[in-house]
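Please read the points below beside the sequence and the model, taking them one at a time.

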Amino acid sequence: MDENDFSLELKVDPETSTQMNDAAKWGKLFGIVILAGFVLFFVVMIAMWGAISKSILTQEMLEEGADSVLKYSAIIISLVALAITAILMNFLIRAGIGIRQGLQRRDQAVFNVGLANLRNYFTMYGVICILQLLFALTRLA
Amino acid sequence: MGMDSIARQHIRSIASWATIIVTTTVVGYALSLIVSFLRKSPAIQQSEGFDLTSRLGGGSETLTEIITILIGLFINFFLFRFATQAKAAIEGYNQEQLASGFRNLKIYFMITTILAVIVAGILILGMVALAVSPPETWTTT
């Protein structure tokens with residue numbers, strides 16, 4: 001029997017639809033919160049850099065010019081992290097929108113696009129987790 | 001709405017990556033605990049005359065790490081349940097398991113969103129506090 005013959009046996013019934021809709025809603029909210037938090041953190045860091053560097057660095061370090069080195073390092077690291085987070089959360093937000101729209105309109109194609117975005121989110125997150133673990137292992141060695 | 005072969009393939013893939021995420025996270029927690037205990041034991045031996053302070057400091061650090069790990073395990077428990085139930089639902093064409101799986105994904109996103117809001121708030125408040133308070137006001141023990 002072809003695999004597609006089973007497609008009618010597994011449906012998105014009202015209960016599954018409610019749970020998927022809620023999961024998509026919370027996933028989208030999570031994506032927005034993380035992105036907004038990251039951007040806000042970045043803006044606060046830039047806006048209060050002078051005061052923060054004075055708190056972190058000693059007077060001697062400030063005179064040696066460590067402030068600008070620290071500032072540009074922090075900006076570069078934050079921008080790279082922000083870019084990775086933006087890509088990751090973009091998948092999650094698009095997944096939330098796609099799954100909810102697909103369920104509301106009962107549109108299989110839109111629903112599948114939403115699921116594909118959720119798969120991309122989990123794939124990217126999984127790769128990051130593997131890299132983090134490898135980094136931890138090398139630190140341990 | 002039916003669940004076509006593409007949707008089922010996406011859910012299967014999402015479940016597989018979710019399992020990888022949970023596995024790598026749990027292994028990472030175990031590694032960080034090992035590193036924490038390895039780091040703690042020589043510190044106490046080296047700090048003659050200050051062992052009480054060292055023990056107290058190391059103890060609170062380990063306790064914080066254990067609490068963080070417990071929260072992480074609690075969150076990942078829901079992701080693991082989503083992964084196992086979604087995979088079983090797709091393979092066994094079980095409607096109830098599919099709904100239950102997505103209920104667990106909803107709880108996972110719900111908890112992570114609430115925690116993200118709390119952590120982001122603390123981080124931003126911490127940065128503002130760091131910027132506002134001059135270093136002279138800091139007390140060292």
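1. At 27% relative accessibility, I128(A) counts as partly exposed, because that class lies between buried (under 20% relative accessible area) and exposed (over 50%), with a 1.4 Å probe and protein chains only. I128(A) belongs to helix α5 of chain A, where a helix is a DSSP run of H or I with at least four residues, numbered from the N terminus. From I128(A) to I84(A) the C-alpha distance is 9.8 Å, although 44 residues separate the two in sequence.

2. This is a predicted model, in which local features need pLDDT of at least 70 and side-chain atom pairs count only at pLDDT 80 or more, while totals for chains, interfaces and linings use all residues. Residues are numbered from 1 along each chain as its sequence is written, chains are lettered from A and ligands numbered from 1 in the order in which they are written, and side-chain values use heavy atoms, without hydrogens and water.

3. Helix α5(A) covers residues 108-140 and spans 47 Å from its first C-alpha to its last, close to the 48 Å expected for its 33 residues at 1.5 Å a residue, a value found as 1.5 Å times one less than the number of residues. Its buried residues include F111(A), Y121(A) and L133(A). At the start of α5(A), a side-chain oxygen of D107(A) comes to within 3.0 Å of the backbone nitrogen of A109(A).

Technical notes: Helix = DSSP H or I, 4+ residues; strand = E, 2+ residues; numbered from the N terminus. Polar contact = N/O pair within 3.5 Å; in protein donor to acceptor, adjacent residues only side chain to side chain.
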